[in-house]
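Please look at the structure first and then take the points in order.

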Amino acid sequence: MSAFIIADVTVTDADQMAKYREWSTKAMQEHHAEVLVRGGAIEVLEGDWQPSRLVVLRFADRMAAKAFYDSDTYQHARSLRLQAGVMRMVLVDGVA
């Protein structure tokens with residue numbers, strides 16, 4: 001069953017976030033993430049959620065998504081992102 005990582009990112013330091021994106025992209029490639037959404041126009045249809053930048057990644061399954069998140073490459077990316085913005089991220093199973 002596919003699994004998805006969904007992230008809502010608020011950028012506070014664009015230069016530092018660019019470094020994060022470089023390393024997170026490497027991690028995505030290493031772990032065969034399919035990038036479904038990375039930025040783009042957002043239109044809130046219901047509720048009070050006001051995301052600023054959305055990212056949606058598809059993985060073969062939950063184990064593959066966790067391997068991406070726990071990888072040395074992504075952990076390095078996370079360390080670069082600490083002063084670059086605020087990340088809200090969830091892992092969710094797709095439908096069978």
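1. What is the volume of the largest cavity? The value is about 160 Å³. A cavity is defined on a 1 Å grid over the protein atoms alone, as a set of points where a 1.4 Å probe fits but cannot get out. Grid points are joined across faces, edges and corners, and the volume is the space filled by probe spheres set on the points. By this rule the count comes to one cavity of 30 Å³ or more.

2. On the basis of the note: this is a predicted model, in which local features need pLDDT of at least 70 and side-chain atom pairs count only at pLDDT 80 or more, while totals for chains, interfaces and linings use all residues. Residues are numbered from 1 along each chain as its sequence is written, and side-chain values use heavy atoms, with hydrogens and water left out.

3. The lining of the largest cavity holds 16 residues, and Tyr20, Ser24, Met28, Val55 and Met87 lie nearest the centre. A lining residue has an atom within 4 Å of a point. Twelve are nonpolar, one is polar and three are charged. Here Ala, Val, Leu, Ile, Met, Phe, Trp, Tyr, Cys and Pro count as nonpolar, Asp, Glu, Lys and Arg as charged, and the others, Gly among them, as polar. The largest share, five residues, comes from α1. Helices (H or I, at least four residues) and strands (E, at least two) are DSSP runs, numbered from the N terminus.

4. The largest nonpolar core has 18 residues; Ile5, Tyr20, Leu57, Phe59, Phe68, Tyr74 and Met87 touch the most other members. Such a core is a set of buried Ala, Val, Leu, Ile, Met, Phe, Trp, Tyr and Cys residues joined through side-chain atoms within 4.5 Å. Two or more residues come from each of β1 (3-11), α1 (14-30), β3 (54-59), α2 (62-70) and α3 (72-81).

5. Ser71 is found in the loop between α2 and α3. Is Ser71 buried or exposed? Ser71 counts as buried because its relative accessibility is 9%; buried means under 20% relative accessible area, exposed over 50%, and partly exposed in between (1.4 Å probe, protein chains only). A polar atom of the Ser71 side chain lies 3.1 Å from the backbone nitrogen of Tyr74.

6. His32, in the loop between α1 and β2 (34-38), has a positive phi, near 55 degrees. Most residues other than glycine have a negative phi. His32 is exposed, with a relative accessible area of 68%.

Note on methods. 1 Å grid on protein atoms, 1.4 Å probe; cavity = no way out; pocket = protein on both sides within 12 Å on 5 of 7 lines; lining within 4 Å. Polar contact = N/O pair within 3.5 Å; in protein donor to acceptor, adjacent residues only side chain to side chain.
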